[in-house]
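Got your viewer open and a selection tool at hand? Let's take a short walk through this one, stop by stop.

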Amino acid sequence: MSERHPIISITGSSGAGTTSVTRTFEAIFRRESIAAAVIEGDSFHRYDRAEMKARMAEAEQAGDRNFSHFGPENNLFAELEALFSSYAETGSGRHRKYLHNAEEAKPYGQAPGTFTPWEDLPADTDLLFYEGLHGAVVTPEVDVARHADLLIGVVPVINLEWIQKLWRDKKQRGYSTEAVTDTILRRMPDYVNYICPQFTQTHVNFQRVPCVDTSNPFIARDIPTADESICVIRFARPKGIDFPYLLNMIHDSFMSRANTIVVPGGKMELAMQMIFTPFIWRMMERRKRALGAL
């Protein structure tokens, strides 16, 4: 953790909805004129798309049906922790991009599914912003979570998470239901061992809960809308959170526990704005004081 070079880390599984949280933070950064070094978690996968496909085939031939992007053997956990540590200490570090599609790859003259070369982060950024699978991962070898100043988990209930993944992978990536289902099953041990434990490390968790029937996610035709959901927001350290203000400003919200507020799903982004804008104000004020003391 660092006052001069703070880190915000958003962590969640594939299909969890971390991208919508990122949009909210991008809006705050624009409004508050904050220069953020943005890191996508996919850039710390160990293998590009072609090599991952080949290694997955090798694993299946060897009888390993749980080879996945979620586990430590297929990710650069040590390099991710080194980036967080370096940024917290010096405001610098090394990163790269993963090029998901042809549109992203075209400016680099590379094929989709490949990585750009490693390079230094931009100079003079105000904070580092990470969004991906492992922003709060802790193993016997690494502890990424300890370096972040603000850790946020995005954790929809599991059936909703699967519906969102099925819809995205089928509609946007052309996969079949069977192929996506196979991926979900293959990832399950790593999901339990490396994704779920992160949400005990986070400072705030957002869990969207659908209010419609999602009992069989594999036949769902649509993703439940925000207005068909509620959002459960849990604070690990509720001291300093102005719950009466949030309850007054967000209609139809209520407290379910002393550290948990429930808001209508359609108000989730508003809640994020109201909760995290003061966080960032305080973060930037501490940074300003720390830099002034040098």
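This is a predicted model: local features need pLDDT of at least 70, side-chain atom pairs count only at pLDDT 80 or more; totals for chains, interfaces and linings use all residues.

**The pocket.** Start by selecting Asp149, Leu150, Arg237, Phe279 and Arg286, the residues nearest the centre of the second largest pocket. The whole lining runs to 17 residues, around a volume of about 390 Å³. Sorted by class, you'll get 8 nonpolar, 3 polar and 6 charged residues. Now colour helix H8 (residues 268-292), which gives the most to this lining, with 4 residues.

**The cysteines.** Next, pick Cys211 and show its sulfur. Cys211 is exposed, at 54% relative accessible area, whereas Cys231 is buried at 0%. The disulfide count for the structure is 0.

**The salt bridges.** Select Asp120 and Arg94: their closest N and O atoms sit 3.3 Å apart. This pair links distant parts of the chain, with Asp120 in strand E6 (residues 119-120) and Arg94 in strand E3 (residues 94-95), 26 residues apart. Asp120 is exposed at 53%, while Arg94 is partly exposed at 44%.

Then jump to helix H5 (residues 158-171), where Asp169 and Lys165 lie 4 residues apart, about one turn of the helix. Their salt bridge has an N to O distance of 2.6 Å, and both residues are buried.

How values were computed: Residues are numbered from 1 along each chain as its sequence is written. Side-chain values use heavy atoms; hydrogens and water are left out. On a 1 Å grid over the protein atoms alone, a cavity is a set of points where a 1.4 Å probe fits but cannot get out, and a pocket is an open set with protein on both sides within 12 Å along at least five of seven lines; lining residues have an atom within 4 Å of a point. Grid points are joined across faces, edges and corners, and a volume is the space filled by probe spheres set on the points. Helices (H or I, at least four residues) and strands (E, at least two) are DSSP runs, numbered from the N terminus. Ala, Val, Leu, Ile, Met, Phe, Trp, Tyr, Cys and Pro count as nonpolar, Asp, Glu, Lys and Arg as charged, and the others, Gly among them, as polar. A disulfide is a pair of cysteine sulfur atoms within 2.5 Å. Buried means under 20% relative accessible area, exposed over 50%, partly exposed in between (1.4 Å probe, protein chains only). A salt bridge is a side-chain nitrogen of Lys or Arg within 4 Å of a carboxyl oxygen of Asp or Glu.
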